[in-house]
Every structure is written in C-alpha cells, then in structure tokens.
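Subject: Structure handover

Hi there,

Here is the structure I promised to pass on to you. Please have a look at it first, and then read my notes below.

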Amino acid sequence: MDLQSCRTEIDSIDKQLLTLFEKRMDIVSQVANYKKEHQLPIFQPERERLIIQNKIAQAQEDTKEYVTSFFTNLMEISKCYQLNLLSSQPQIPFTQGTIDRDFDKIVVGCAGTKGAYAHIAASNIFSTPNIQFYQSFEQVFEAVQQQQIDYGILPIENSTAGSVTDVYDDLTQYSVYINASYDLKVEHCLAAKQQTSMDNLLGIYSHKQALHQCSGFLKQYPQIPVNLYANTALAAQFVSENEQPIAAICSEACANLFGLQVLKSQIQNSSDNYTKFIVISKQLLSNEDCDEVNICIQIPHIAGELNKLLTKFSFYHIDMNKIASRPIGDKDFNVRFFINFSGNIKDKNIQQLLYDLHTNYDYCKLLGTYTKY
C-alpha cells in the first residue's frame, strides 16, 4: 500500500472514529443525567482504573502504552463534558474594582528599605507612596493578612534569574490575593563607600536574586567573597554603615540614597533584565480589564495525572502562560504546580475550569486575577 492509500484509509477510519466518538458522548450525557438524578459523583476513580486495566489487557503488546494514553484522555474529556452538563454556572466570589491608589487612605508595604526595587516599583504604581518597610517577604504577607497594611509589593519573577521561590511559597500559606502586576526594568550596580576600590574589596553583599542576575560580572572577581543579604537596599545600607571595604549590588538610585560611590554600573547579565512585581491584598479584586489568573494546585503523584490536568485546560480552551512546580517538603517528594493563564474570571470557561479543579483535586487555590500596570 502506497502513502496516499494509507492516508485515504486513515481518513476513512477517522470518520468512523468521529461517528463513534459523538455516539459515545451522547451516551455520556445520559450517564450524566442518571448521576444527577441519583446524586452520584462524576469522578469514580476505582471504576476508571478498572476500565483502563481492561483496555490494556485487550490491547496488542506493542500498543498497550498508547491505548493507556488514548483511553485516559478519552475518559478525562468525558468527565469534563459531564461536569459541564451537570453544573449550573459556578460563581467565584470577588469584589468588583481595582487597587486603590489614593495614599491619603492606604498604606503599602514592601521588603527592605528606601531605594529597594520594590520601593521603586511601588513609587511607579502609586503616586505618592506611604510605605511601611519590612525585613522579609514573609513579614509583608503577614502584615497584609492581618490588615495592618492595605497592599504589599513583592517580586515574583525575573527575566534572567527566574522565580522568586520564597514569594511563591508564601502565596500558598497566607490568605491574600494578587490584584496587579508591574514589570520593572532592573539595572544593577556595584556600590561602595567613598575611597573604596575594586582592588581592596573584602566582600560583596546582595539578595540572592541580584547575585544570580549578576553572575557573569561576579565570575570576573573570584577572589572577592560573595555574601547573601536579605535585600539589595538593606545590603547598601549595611555597606554604608560598615567601616570595612565592602560593596553592595543594588540600584544606582539606592547607591545615591546611601551616599555610596558606584564602582561598576550595568553589571547585570542581560540589558533586558526585568522583574515582575505583584500587588497583594486581603481581598480578591477583579474588573473587566483583568486578563491573567494565577492558581496553585496539587495533583496525585501518579503517572499521567499532569497530562489529565493539561487536558482540562485544552478542553476549556484556556491559554496557559506558565506552569512551574515547587516541592511541598514531604517524604514522598510531592509538588504543587503554580499555573498562570490568560483570561478573566468572569469568563464562562474559566469559571468552569476553576469549578472543575476545585471539584476534582484536594488542593486548588486561586492566587489572584489581575492586569499589568
């Protein structure tokens, strides 16, 4: 049989498959109605497992793996279809509105001190910042959760160094929501007290993200010890108060603020170095301009489960922008997935997806819905 004949035969088989698929989905709808009448759950994992095992047993040896994938996806589509048929339009509760940028009424918190990149981001997002500074990201989360401040400004992603993992972890631990994001161009310099030179430096201090973003520069000076510090601005403050010849990696604005001289400027690895900052608050805010949603979800540690999750996004026609994993810290090495996708939580498909995820997984947290400033 030549190639064209093979393709013709496949087209014929596909036509039969389509007819059978539509017939199967019609029966699935009848099953959904029966489950609704008798108050039965849509997902029956033991039955699904037995069905898959039965199909594998019937398959030829060289197709067993593909049969498993085919029927697993088919059953996942069937469950999504049933859920769509049975559920009334779910509603995710939120407050209509945007972040309040009137500083006569509100207080914003960020980690570090004056001159920190979060401080710069806050000044760009809000007009005349009334800012409370904290020693750590976690303290900012705590202050927002306890409603000591109205908003927190936190870095979550860098175009060079990747995710700020501490912030991702804190998002799962605190009852707060992301309500806006802002991309700040980050340009690092090496700053030290007057009369200090590269030749007599005893150490360089900065936040781990900044050190990562300047790794190429640091490799040129392997003889100078590199030290982690809680924040770039706090590192600059530490250098300004220290008598030893040490330096900080920070912004030039921060260097000027603390009276430091710039030994080297533009030392980041990439000239297009951006950090995404998020604005968190106690309330989940949303409006018609919101076009991104963040969630965190934990799925069973079983082969094929991630594929099932991705199938749901495909079924609801939702564009996933990013998926990243973080360890939970248990003995079984389980992870949680952080997923960012496009859309507004008022959209029917997104409402259905969130309802589906909350229905079928033990842990699924909506982290926020927002737009970029």
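**A buried asparagine in a loop**

A polar atom of the Asn-344 side chain sits 2.8 Å from the backbone oxygen of Asn-287, a polar contact in the sense of N or O atoms within 3.5 Å, where one must be able to donate a hydrogen and the other to accept it, and residues adjacent in sequence count only if both atoms are side-chain atoms. The side chain of Asn-344 also reaches the backbone nitrogen of Lys-346, at 2.9 Å. Asn-344 belongs to the loop between strand E16 (335–342) and helix H12 (348–360); helices (H or I, at least four residues) and strands (E, at least two) are DSSP runs numbered from the N terminus. Its relative accessibility is 7%, so Asn-344 counts as buried (buried is under 20% relative accessible area, exposed over 50%, partly exposed in between, with a 1.4 Å probe and protein chains only). Leaving out residues up to four places away in sequence, Asn-344 touches Ser-286, Asn-287, Glu-288, Asp-289, Cys-290 and Ile-350, where contact means heavy atoms within 4.5 Å.

Before going on, two notes on the basis of all this. The model is predicted, so local features need pLDDT of at least 70 and side-chain atom pairs count only at pLDDT 80 or more, while totals for chains, interfaces and linings use all residues. Residues are numbered from 1 along each chain as its sequence is written, and side-chain values use heavy atoms, with hydrogens and water left out.

**Salt bridges**

Side chains of opposite charge can pair when their charged atoms come close. Taking a salt bridge as a side-chain nitrogen of Lys or Arg within 4 Å of a carboxyl oxygen of Asp or Glu, the count comes to twelve.

Lys-312 pairs with Glu-76, with 2.6 Å between the closest N and O atoms. Lys-312 is in helix H11 and Glu-76 in helix H3, so this bridge ties together parts that are 236 residues apart in sequence. Both Lys-312 and Glu-76 are buried.

Lys-312 has a salt bridge with Asp-356 as well, the closest N and O atoms being 2.9 Å apart. Here the link runs from helix H11 to helix H12, across 44 residues. What are the accessibilities of this pair? Lys-312 has a relative accessible area of 2%, and Asp-356 has 0%. Salt bridges that share partners join Glu-48, Glu-76, Lys-79, Glu-305, Lys-308, Lys-312 and Asp-356 into one network. Beyond residues up to four places away in sequence, Asp-356 touches Cys-80, Leu-83, Lys-312 and Tyr-316.

Another bridge joins Asp-183 and Lys-372 (3.1 Å, N to O). Asp-183 is in strand E6 (residues 177–185) and Lys-372 in the segment after strand E17 (363–370), 189 residues apart. Asp-183 is partly exposed at 27%, and Lys-372 is partly exposed at 47%.

**Pockets and a cavity**

On a 1 Å grid over the protein atoms alone, a cavity is a set of points where a 1.4 Å probe fits but cannot get out, and a pocket is an open set with protein on both sides within 12 Å along at least five of seven lines; lining residues have an atom within 4 Å of a point. Grid points are joined across faces, edges and corners, and a volume is the space filled by probe spheres set on the points.

The largest pocket has a volume of about 650 Å³. Its lining has 26 residues, with Glu-48, Ile-302, Ala-303, Glu-305 and Lys-308 nearest the centre. Helices H2 (45–58), H3 (64–86) and H11 (305–315) each give two or more residues to that lining, and H2 has the largest share, six residues.

The second largest pocket comes to about 410 Å³. It is lined by 17 residues, and Arg-24, Arg-47, Ile-51, Met-75 and Gln-82 are the closest to its centre. Helix H1 (3–37), H2 and H3 each contribute two or more lining residues there.

There is one cavity of 30 Å³ or more, and the space in the largest cavity is about 230 Å³. Of its 19 lining residues, Tyr-117, Pro-155, His-207, Thr-232 and Phe-277 are the closest to the centre.

**Positive phi**

Gln-39, in the loop between H1 and H2, has a positive phi near 55 degrees. Gln-39 is exposed at 73% relative accessibility.

Best wishes
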